[in-house]
Amino acid sequence: GNVGIMCALTVLPMFLAAGAAIDFARFNAAQAQVQAALDAAALAAAAAPQDSTLAKRKQIGEATFAVNMTGGNVGNMKVLASFDMQNGIVIAKADGDMGTSFMKLGGINTMDIKLQSEVNSLTNKKAEIALVLDYSGSMDDPVKGGAKYDLMRKAATKLVTSLENMDKDAVKVGLVPFSQYVYATL
């Protein structure tokens with residue numbers, strides 16, 4: 001009898017905990033999609049031609065955001081995106097609420113999504129390039145002209161040299177060696 005009463009008392013908290021986990025997983029998936037859409041929109045607004053007005057950049061950002069928000073994990077969730085530009089930086093913000101399913105039983109009807117993304121505009125025509133260089137065992141395989149590793153090294157050196165010759169201050173180059181793991185280097 002006591003076990004039955006204890007089980008009855010713990011059913012609701014266990015159900016709420018399981019439901020909260022499901023709602024939280026949905027929230028994380030929706031938040032990831034909104035962040036990806038916001039990043040793409042900020043990049044599109046920043047990549048607009050240099051003579052673009054703020055209104056034109058906003059229009060480009062909003063259109064890109066709307067396209068990337070269709071389908072996926074957000075369903076029919078309403079998310080408002082805003083775009084601004086300060087000192088050559090496009091600042092994109094997204095604000096929305098995701099309705100909960102199971103957490104409503106605990107009195108939580110929505111979960112807030114508030115995200116931000118910042119992207120430098122192309123006003124200075126500067127570029128930041130990251131080269132991911134494959135150092136895995138397959139790069140030892142021979143191809144016409146030598147081993148893949150040697151050809152990759154020569155091509156990367158040629159690219160970096162030609163970029164430096166254009167304008168050293170306009171280009172930043174980073175190298176990321178890749179094997180079984182990625183080791184970021186500065």
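Visitor: What makes helix α1 (residues 2-46) and helix α2 (residues 54-68) roughly antiparallel?

Guide: In this predicted model, α1 and α2 pack at an angle of about 150 degrees, with their axes 8 Å apart. Angles run from 0 to 180 degrees between N-to-C directions, and those over 145 degrees count as roughly antiparallel, so α1 is roughly antiparallel to α2. The contact (heavy atoms within 4.5 Å) involves several residues, including Q33 and V34 of α1 and R57 and I60 of α2. Features described locally need pLDDT of at least 70, and side-chain atom pairs count only at pLDDT 80 or more. Residues are numbered from 1 along each chain, and side-chain values use heavy atoms, with hydrogens and water left out.

Visitor: How do you know that the buried residues of α2 line one face of the helix?

Guide: Buried means under 20% relative accessible area and exposed over 50%, with a 1.4 Å probe; R57, G61 and F65 of α2 are buried. The arc is taken from the directions from the helix axis to the C-beta atoms, and these residues fall within 65 degrees, so they line one face of α2. On the other side of α2, A55 and V67 are exposed.

Visitor: Why are the buried residues of α3 placed on the same side?

Guide: In α3, M152, A156 and L163 are buried, and they cover an arc of only 35 degrees around the axis, which puts them on the same side of α3. The face turned away from the buried side of α3 carries the exposed residues K154, K158 and N165.

Notes:
Helix = DSSP H or I, 4+ residues; strand = E, 2+ residues; numbered from the N terminus. Parallel < 35°, antiparallel > 145°, perpendicular 65-115°, else oblique.
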